[in-house]
Amino acid sequence: MCEENMELCDRQKDTEPLLPSTPTHRTFDYILVAHKVDNDRDQKAQRQRAFIEQLEKKNITITRIIHDDKVFFGLRAPNEIFEDYQYLLKVSDSCNWCGNENGAVNQANRIRIIHFILHQTFINTGENLEELLMKDVFETMFCLHERKKQKQLKKKWARWSALFTGQPVSDIKCYFGEKVALYYLWLGWYTRLLVPAAAIGVVVFLYGLAFFNTNPLIKEVCQSNITMCPQCDKRCKVWQLSDTCTYAKVSHLFDNEGTVAFAMFMAIWATFFLEMWKRHRARYVSQWKVYDWCEDEEELILEIVNDPNCTPQQFRHSYLRSILVLILVTLMLMLIIGLAQALVVFRVVAAPLMSESGWEFISNHANTVAVMLGAVLHYVTIQIMTRVNRWVSLKLCNIEKTNSFAATERSFTVKMFTFQFFTLFSSLFYVAFFLGRINGHPGNYVRIAGWRLEECHPSGCLTDLFIQMAVIMLLKQTLNNIFEFTVPWLKSCLSRNAAKKLERKCGHCYRKACRDEQGCIEPCDICKLRDWLRNYHLADSNAFSLFNEFLEMVVQFSFTTIFVAAFPLAPLLALINNIFEIRLDAIKMVRLERRLVPRKTNDIGVWTNVLEAIGVLAVIANGLVIGVSSDFIPRLVYRYRYGPCVNGSTQTHCMQGYINDTLSTAFATQEAIKKDFLKHQWETDSGFNATQCSYRDYRSNEDFSLTSQFWIVLAVRFAFIILFEHVVVMCKFIAAWFVPDNPIQVKNDRLYDKMARLKEEL
């Protein structure tokens, strides 16, 4: 057998085949696996046979091998299918510049074409392969890794020792297709541009650290003798402001003048990153000859290749379906926001309960511990809701009834990201913009089910937002990466022995023939099965595999830009994570998972629009964080209107007395106060009864009405937000205009290529 095949290859070298650079193909395009059924009358067995017969009618060669209780079907498509595909590419409107219509059909293209044909093959009951897999007629399906190319990718890319080396993007494209290659190209570019953002973020953090012990505001808190009002009903007592000295120091690390400039920089950075990415992408897709590629048009070509008598799926629109989808999306968002409110209630209830704890540390830092526990609970909610969001998004896409897979993918991406964004950021938006602003004041506190809403620290609310972001980012990135890698790695280790058992048996075949890597020699059944089992025992990969990676990185991009004013170290954490993420994903795809179905495309798709939307939202959110959440504006107003320097005093610091200026006083003798604070709550740690306490607000000490300073600060806040957003948006537009999407070299290369093709046709 092997000698005959060698002679066949020699004869083919002397003849000119229809596909000149395509050798006799001995690699299987796809593998189907089913449970062995002994009863021929069983419905599963009949459906298996019916599906296999449909494939045989399309001239697909099928090799059947039985192993234990499994039946493996090796599928190999005829060259005629690929000849038709290449000819239709040549005459198409958008896909005719792909550059390989007269060349070889590589294994990546073969897999993509056969994958489409398999999913568009129906048996007489109207069921396709997807439905047969759901009904356990077939157990699974997968395409095979190419051993030679797989080894090359392992050596160049998919190993931890290559952590700081470049990525062989063209090799990735040839093996996994353009869609996967563009993901790694985008991720590498994003990681590279995180370097300056991370460096400036560290500088801003060090700026706050430099004044850690000398800042007058910190000194005012640490050396204060101010008695603060109880933070909860009944159980809590008055406390000393100086007890929160450490909290005030941490607050200043993330709430200082440097964060304003950094927020502006990151908003412009996001625009610059996207514009430079478009140029970077244009260079590569131009080299790959897919600049004008249209996924929808290729899908039409594949439909014709699969069935020449097919009719196109027409565009459809139903106002009834659109209204239904809109209502369901709204209900889903309301549910997600409701969960965020449940987290708020948890924190409101947990803080006073922890203040009664027998552990001194927890009772002294009840609010901080409640914030951290709330963040952990938020992370758990995210993990659960991710699965719910995916299921709901798929169901909504089924209701819409789009006309192509590419359209369905776009619709699913938008819905899934929207749900995930609200799941991740609803709680953060509460902490950033509502915490400590809707809780009322002594004598008129706002309560939920009898529990008082939590308050901000006298040093500001930004630290609560920082804690929430830090916990979620660290948990999400660290735990997700651990689970992403360990689950397929453990599965690979546990099932590796099954394929190794056949290695000894393979000693009875012609080893040199079976090891031929040129694709000319048909290996023996044992070697085929060993290769199939090796791929079968790898972790499963599907259409969601790459989507999950994109979603994870785009969510990280959101964290890095939207609330960066509260967490300047977010770009640094993202940079460290991405350096490892690239290799982790590479090792997972090349070594631990079944081969992804290669997809041809020329862009990262709707993710570009999502990133642009995040960039705009980052401007709005950071403007609001600085203007509303941080103490930047109140400090500015105090320095230039109420501080000691306003009267020309040079003996003290211009911010001297700021903390005391932001506090109002409640007296124990006031009737409204007696209703809120019980007698024992006025007792201090030293045993004395306080007669007054302070709380953070600009209110009159007599009737609790808002002071004129409150309205001045509020007016300056709004003025700053409007000015900040207009200036930054203008800078974004200038940056987008200044950096063109396509380099001149790419435009000229395409011009010459078009002229060359036209001359060739003439």
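Let me begin with a definition: two strands pair if DSSP finds at least two bridges between them, and the strands themselves (E, at least two residues), like the helices (H or I, at least four), are DSSP runs numbered from the N terminus. What we have here is a predicted model, in which local features need pLDDT of at least 70 and side-chain atom pairs count only at pLDDT 80 or more, while totals for chains, interfaces and linings use all residues. Residues are numbered from 1 along each chain as its sequence is written, and side-chain values use heavy atoms, with hydrogens and water left out.

Four strands in the order 2-3-1-4 make up an open, antiparallel sheet, whose edges are strand 2 and strand 4 (140-142), each pairing on one side only. From one strand to the next the twist averages 20°, where angles run from 0 to 180 degrees between N-to-C directions and axes are lines fitted to C-alpha atoms, for helices over the stretch in contact. Strand 1, residues 30-35, is joined to strand 4 by three antiparallel bridges, and Ile31 has Phe142 as its bridge partner in strand 4.

Helix 4 (107-119) lies across strand 1, strand 3 (70-76) and strand 4, at about 40° to strand 1, whereas helix 19 (525-536) touches strands 1, 2, 3 and 4, with a direction about 80° from that of strand 2.

Within strand 2, Thr63 counts as buried because its relative accessibility is 18%, buried meaning under 20% relative accessible area, exposed over 50% and partly exposed in between, with a 1.4 Å probe and protein chains only. Setting aside residues up to four places away in sequence, Thr63 touches Phe28, Phe72, Phe73, Gly74, Lys528 and Trp532, a contact being heavy atoms within 4.5 Å.

Asn59, in the loop between helix 2 (43-57) and strand 2 (61-67), has a positive phi near 65° without being a glycine, and because its relative accessibility is 56% it counts as exposed. Lys289, which is found in the loop between helix 11 (257-287) and helix 12 (295-306), is likewise not a glycine and has a positive phi of about 60°; with 28% relative accessibility, Lys289 is partly exposed.
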